[in-house]
Amino acid sequence: MLSPVAWSGLTGNDWTRLRSLHRDPVRGDQPGLWLRMHFVIRRYQPSDREAVETVFREGIMEHINPAFMYAMTRPLHIAVSLFFYIGMYVMSGQSMVLSLVSGGAWIGLVYFCCFEFYAGYVRAKLNTDMLDIPGYYLSNPDNCFWVAEAEIHGRPQVLGMVAVEGKSDPGGKGKKYGELYRMIVSSTCRRSGLGLQLAKTAEDFCRERRFSKFKLSTSSTQKAAMAMYFRLGFKLILVHMKSQSPKWMIWMTRATVLTMEKNI
């Protein structure tokens with residue numbers, strides 16, 4: 001990825017070349033669709049359900065491989081991998097087969113944990129708040145759920161979503177705060193500014209409801225999302241490992257959950 005300094009030094013011809021390299025995911029001979037998309041952010045409608053579930057599932061599951069790479073490059077996991085490969089080779093009387101099997105089993109276990117960490121999250125949410133979005137988010141004036149839509153080849157398509165849930169602030173003397181949920185942008189339109197638009201839509205809602213704060217949680221592997229939230233003025237207030245997954249599985253993924261907050 002080019003640094004900000006490198007981006008600022010690009011010429012007109014460089015930009016043209018970069019645009020030509022970003023191909024349409026459907027038609028490889030065309031520039032990236034997001035370069036000419038007009039996004040419409042609107043409230044969720046029941047007819048959006050299938051598209052929303054698809055974008056949500058794909059948006060969460062795509063974190064599996066980055067999470068696996070992150071876990072396997074942590075010093076502890078590198079040491080454990082070396083122990084299985086080298087230790088088993090020595091203890092088995094220099095059996096290359098046992099060494100490869102034991103090391104492969106360890107790596108497979110780490111990948112399974114990363115997979116289940118995100119797959120379990122998808123299952124949990126599709127069976128709770130996302131099972132009845134109108135009932136959970138749209139029947140309460142302090143909650144809302146939006147989708148981002150754009151026209152692709154003449155047909156409207158859902159490419160992102162975001163939700164806000166209003167909650168009572170324990171130390172706010174009757175005040176409420178808004179918590180951001182389900183922030184997902186389709187991989188077909190990353191770096192288009194859509195994530196920023198969705199976040200600002202949610203923040204504007206919190207201001208309209210006169211919430212005192214705006215909070216969110218994200219995982220340590222979602223670097224782009226973290227950078228965007230910091231740009232929007234959020235501050236990191238807590239790092240923890242609480243999740244719907246078992247503690248041992250979270251430990252295996254080496255993932256942490258970051259809670260961020262912004263006064264509004």
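This is a predicted model: local features need pLDDT of at least 70, side-chain atom pairs count only at pLDDT 80 or more; totals for chains, interfaces and linings use all residues.
**Overall figures**

I began with the whole chain. I counted 10 helices and 7 strands in the protein. The protein has 264 residues, and 43% of them count as buried. I then looked up its accessible surface, which comes to about 14800 Å². Carbon and sulfur atoms hold 59% of that surface. For contacts with a separation of 6 or more, I noted that 63% join residues 24 or more positions apart.

**α3 against α6**

I took helix α6, residues 96–126, and went through its partners one at a time. Helix α3 covers residues 49–61 and packs on α6 at an angle of about 155 degrees. Their axes lie 9 Å apart. Angles over 145 degrees count as roughly antiparallel, so α3 is roughly antiparallel to α6. I recorded the crossing as right-handed. From α3, the contact uses Glu 53, Phe 56, Arg 57, Ile 60 and Met 61. From α6, I listed Phe 115, Tyr 118, Ala 119, Tyr 121, Val 122, Lys 125 and Leu 126. Sorted by class, the contact of α3 with α6 has 9 nonpolar and 3 charged residues, with no polar ones.

**α4 against α6**

Next I looked at helix α4, residues 64–72. I found an angle of about 135 degrees between α4 and α6, with the axes 9 Å apart. That angle makes α4 oblique to α6. The crossing of this pair is right-handed. On the α4 side I noted Ile 64, Asn 65, Ala 67, Phe 68, Ala 71 and Met 72. On the α6 side the residues are Trp 106, Ile 107, Val 110, Tyr 111, Cys 114, Phe 115 and Tyr 118. In this contact of α4 with α6, I have 12 nonpolar residues, 1 polar and no charged.

**α5 against α6**

I then turned to helix α5, residues 75–91. The angle between α5 and α6 is about 155 degrees, and the axes are 7 Å apart. That makes α5 roughly antiparallel to α6. The crossing of α5 and α6 is right-handed. From α5 I listed His 77, Val 80, Ser 81, Phe 84, Tyr 85, Met 88 and Tyr 89. Among the α6 residues they meet are Met 96, Leu 98, Gly 103, Gly 104 and Trp 106. The contact of α5 with α6 divides into 11 nonpolar and 6 polar residues, with no charged ones.

**Gly 104**

Gly 104 is placed in helix α6. With a relative accessibility of 34%, Gly 104 counts as partly exposed. I also looked up its distance to Tyr 85, 19 residues away along the chain, and the C-alpha atoms are separated by 8.6 Å.

Arg 182 is not a glycine, yet its phi is positive, at about 55 degrees. I located Arg 182 in strand β4, residues 176–185. Its relative accessible area is 6%, so Arg 182 is buried. Arg 254 likewise has a positive phi, of about 60 degrees, without being a glycine. I located Arg 254 in the loop between α10 (247–253) and β7 (257–263). Its relative accessible area is 24%, so Arg 254 is partly exposed.

Conventions:
Residues are numbered from 1 along each chain as its sequence is written. Side-chain values use heavy atoms; hydrogens and water are left out. Helices (H or I, at least four residues) and strands (E, at least two) are DSSP runs, numbered from the N terminus. Buried means under 20% relative accessible area, exposed over 50%, partly exposed in between (1.4 Å probe, protein chains only). Contact means heavy atoms within 4.5 Å. Accessible areas come from the Shrake-Rupley method with a 1.4 Å probe; for residues, only the protein chains shown count as cover. Axes are lines fitted to C-alpha atoms, for helices over the stretch in contact, and angles run from 0 to 180 degrees between N-to-C directions. Angles under 35 degrees count as roughly parallel, over 145 as roughly antiparallel, 65 to 115 as roughly perpendicular and the rest as oblique. A crossing is left-handed if the near helix is turned anticlockwise from the far one by less than a right angle, and right-handed if clockwise. Ala, Val, Leu, Ile, Met, Phe, Trp, Tyr, Cys and Pro count as nonpolar, Asp, Glu, Lys and Arg as charged, and the others, Gly among them, as polar.
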